[in-house]
Amino acid sequence: MSEVSDRQALHGSRTQQIRLISGLILFVFALTHFLNHAIGNVSFQAMLYVQDLRYAVWHSWLGTALLYGALIVHSAMALWKTARRRTWKMPAWEALQLGLGLAIPFLLLIHVTRTRINEWAFSASVDYTSVISIMWPGAFLQQTILMLLVWIHSCIGLHFWLRLKPWYQHMRMGLVVVAIALPIAATTGWTQVGRILTVTDQTKPGYSAEQSAILSAYENWLMLGFAGLLSMTVLAFALRTAVSQSGRRVQIHFPNGKSARVVPGPTLLEISRTNRVPIESVCGGRARCSTCRVLVMEGIDDTDPPTAAEARVLERIGAGKGVRLACQLRPRKNMRVHPLLSAHPQPTEPGTLDRYRWGVEQPVAVMFIDLRGFTRLSENRLPYDVVFILNRYVKGVTRVINQNGGLVDKVMGDGVMALFGINVDHATALRNALMAIVELEQEMKLINEELKSQVATGLRFGIGLHAGPAIIGRVGLEGGNILESGLTALGDTVNVASRLETATKAHNAFAIISTSILRQLGLSETVIGGTQQLAVRGRERPLSVTILDGTENLQSVLLATEPRPTSIKSKAG
């Protein structure tokens, strides 16, 4: 990586960290402020007590420096990022967060002026009685809107930061309840106190009429100043766009014959949004999530090397040659790209077989099935007998998989790998995979009945089932008379499923299922088989699994819940 690229990478990484830290400081302040308001539902005295504690923190020299430093830095960096945008086309959540963020200062400056600036300008003591007297009832609507703007803006930012954390998925619904309840409790809390102060004639003006006129002038100047900064931001964007339109252009080719002629400078993600080519970006283009990854089929040699932030993400996902993050890649010459992950599957492009030609990441359930004791079974038997038994086993297993909407990925001797979720939604795929396990046990009994004269001890299966994101693609040879490449899955989900199947030997179990599958479907793992933590090779933390000796309980639970949708039995591609 060049010295210039190193500096850009370091700057980009530090910028994101500073924005995140400043945003978290502001969120903590807002959270404690809202909680203090909510205490008003208990009593005014409790509200004042908590206010004294909060005042000791945020009105200290350190708290003040952190709070207003974070406010200035976060606002300035938001304006700077807005000015440097190449397009206004963005996901709805990002547009909402940006719009709220730019609207907040106009209401916040009024609140700050009437509290902190009032204290500084007139050496006033603005306690909770004064603040609520100022807000209630005249500024009720203004204050409520401000609270909602701040809270929604903060929650959007937190969600798209935390959604990549493994623990967040388990706590998300609880956090949603808190996110809805807290602003309601805060509003009812301070308005309840406001009504009490009004009825008992305990209101206390925070300033005189003359001081109010001076504070209003401060408000006007501050809002005019921010409006000027916002206008300069929009003007900078317009000038940047106008200048860029006069420069040389490069051609970017997307799947299905789509292309765009653009001036070098924007990221590939910005180019795709401008030209309505769907590329996923969970983190909003911050080089955190890897969902905007693309395969650069032509033009990779004419690009700058990955920045430090991009390189870390690519290393984490084990990206192959030619894979880059669209949010970080800035095309300088003609380029042909193919998105590797999209909620909107790309149509077939001539010469690429189908959307799986270059690989697509999607959630699937991966199942491994293995015939126990096959080596011992093969001893002292004629090859014909071994092949006959094996064919009967494979035929039965593949039939059950296909009947339940699964796709047989490959047969490896006495082992079978199957995928669920290629043609159906993820919830249906999980339910289909569980029903396939039930029917596989029934198929095992049927096979043993048919072969009891040849296999006295009976055949036994071992099944491992895990679900999660995997790269689905066509891997193999193609062209001419050579065997056509087949659809397969790659990634950590596949590895874990394989190791769960292997673990059935040590636990003498029929099947081991990752418990997350049952939880996603709302099924009771306690009734089905209980849970335990299983150490899985290659993973730092144990995996919660459900071990089945038989499928009677699983079948009962599946039949007691909502019936499965009709399965899709056709193979993809």
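Predicted model: local features only at pLDDT ≥ 70, side-chain atom pairs only at ≥ 80, totals over all residues.
Trainee: At roughly what angle do the axes of helix 3 and helix 4 cross?
Mentor: Residues are numbered from 1 along each chain as its sequence is written, and side-chain values use heavy atoms, leaving out hydrogens and water. Helices (H or I, at least four residues) and strands (E, at least two) are DSSP runs numbered from the N terminus, and axes are lines fitted to C-alpha atoms, for helices over the stretch in contact, with angles from 0 to 180 degrees between N-to-C directions. The axes of helix 3 (residues 61-83) and helix 4 (residues 92-122) come within 12 Å and cross at roughly 150°.

Trainee: Is helix 3 roughly parallel or roughly antiparallel to helix 4?
Mentor: Under 35 degrees counts as roughly parallel, over 145 as roughly antiparallel, 65 to 115 as roughly perpendicular and the rest as oblique. With that crossing angle, helix 3 is therefore, relative to helix 4, roughly antiparallel.

Trainee: Which residues of helix 4 make the contact with helix 3?
Mentor: Contact means heavy atoms within 4.5 Å. On the helix 3 side, T64, L67, Y68, L71, L79 and T82 take part. Across from them, helix 4 brings in L98, L102, L108, V112, R116 and W120.

Trainee: And how do helix 5 and helix 7 sit, roughly parallel or roughly perpendicular?
Mentor: Helix 7 covers residues 168-199, and its axis comes within 9 Å of the axis of helix 5, crossing at roughly 90°. The two are therefore roughly perpendicular.

Trainee: Which residues of helix 5 make that contact?
Mentor: Helix 7 contributes W190, V193, G194 and L197. Their counterparts in helix 5 are T129, I132 and M135.

Trainee: Is T129 buried or exposed?
Mentor: T129 sits in helix 5 (residues 128-135), and beyond neighbours within four places in sequence it is in contact with F44, L197, Q202 and K204. On the scale used (1.4 Å probe, protein chains only), under 20% relative accessible area is buried, over 50% exposed and in between partly exposed. At 12% relative accessibility, T129 counts as buried.

Trainee: Which residue does a cis peptide bond join to W136?
Mentor: Look in the loop between helix 5 and helix 6 (140-162), where P137 is found. Omega is about 0° for the cis bond that joins W136 and P137.

Trainee: What is the relative accessible area of D201?
Mentor: D201 lies in the loop between helix 7 and helix 8 (209-245). It isn't a glycine, yet its phi is positive, about 55°. D201 is exposed, and its relative accessible area is 64%.

Trainee: What is the phi of R276 near?
Mentor: R276 belongs to the loop between helix 9 (268-274) and strand 3 (293-298). R276 is exposed, with a relative accessible area of 64%. This residue other than glycine has a positive phi, near 60°.

Trainee: On to the strands: how many residues of strand 13 are buried?
Mentor: L543, V545 and I547 point one way, while S544, T546 and L548 point the other way, and all are buried. So much for both directions; strand 13 (residues 543-548) is mostly covered, and the buried count out of its 6 residues is 6.

Trainee: Which residue is the bridge partner of Q533 in strand 13?
Mentor: Two strands pair if DSSP finds at least two bridges between them. Strand 13 runs antiparallel to strand 11 (residues 511-514), joined by 4 bridges, with S514 opposite V545. Strand 13 also pairs in the antiparallel sense with strand 12 (residues 532-534) over 3 bridges. There, the partner of Q533 is S544.

Trainee: Which residue in the turn between strand 7 and strand 8 has a positive phi?
Mentor: Strand 7 (residues 406-412) and strand 8 (residues 415-420) run antiparallel, joined by 6 bridges, and K410 has M417 as its bridge partner. They form a hairpin with 2 residues between them, and the one with a positive phi of about 70° is G413.

Trainee: Which strands are the edges of the open sheet of 5 strands?
Mentor: The sheet has mixed pairing and the order 2-1-5-3-4. Each edge strand pairs on one side only, and these edges are strand 2 (259-262) and strand 4 (323-325).

Trainee: Which residue in strand 5 stands opposite H253?
Mentor: Strand 1 (residues 250-253) pairs with strand 5 (residues 335-339) in the parallel sense over 2 bridges. Opposite H253 stands R336.
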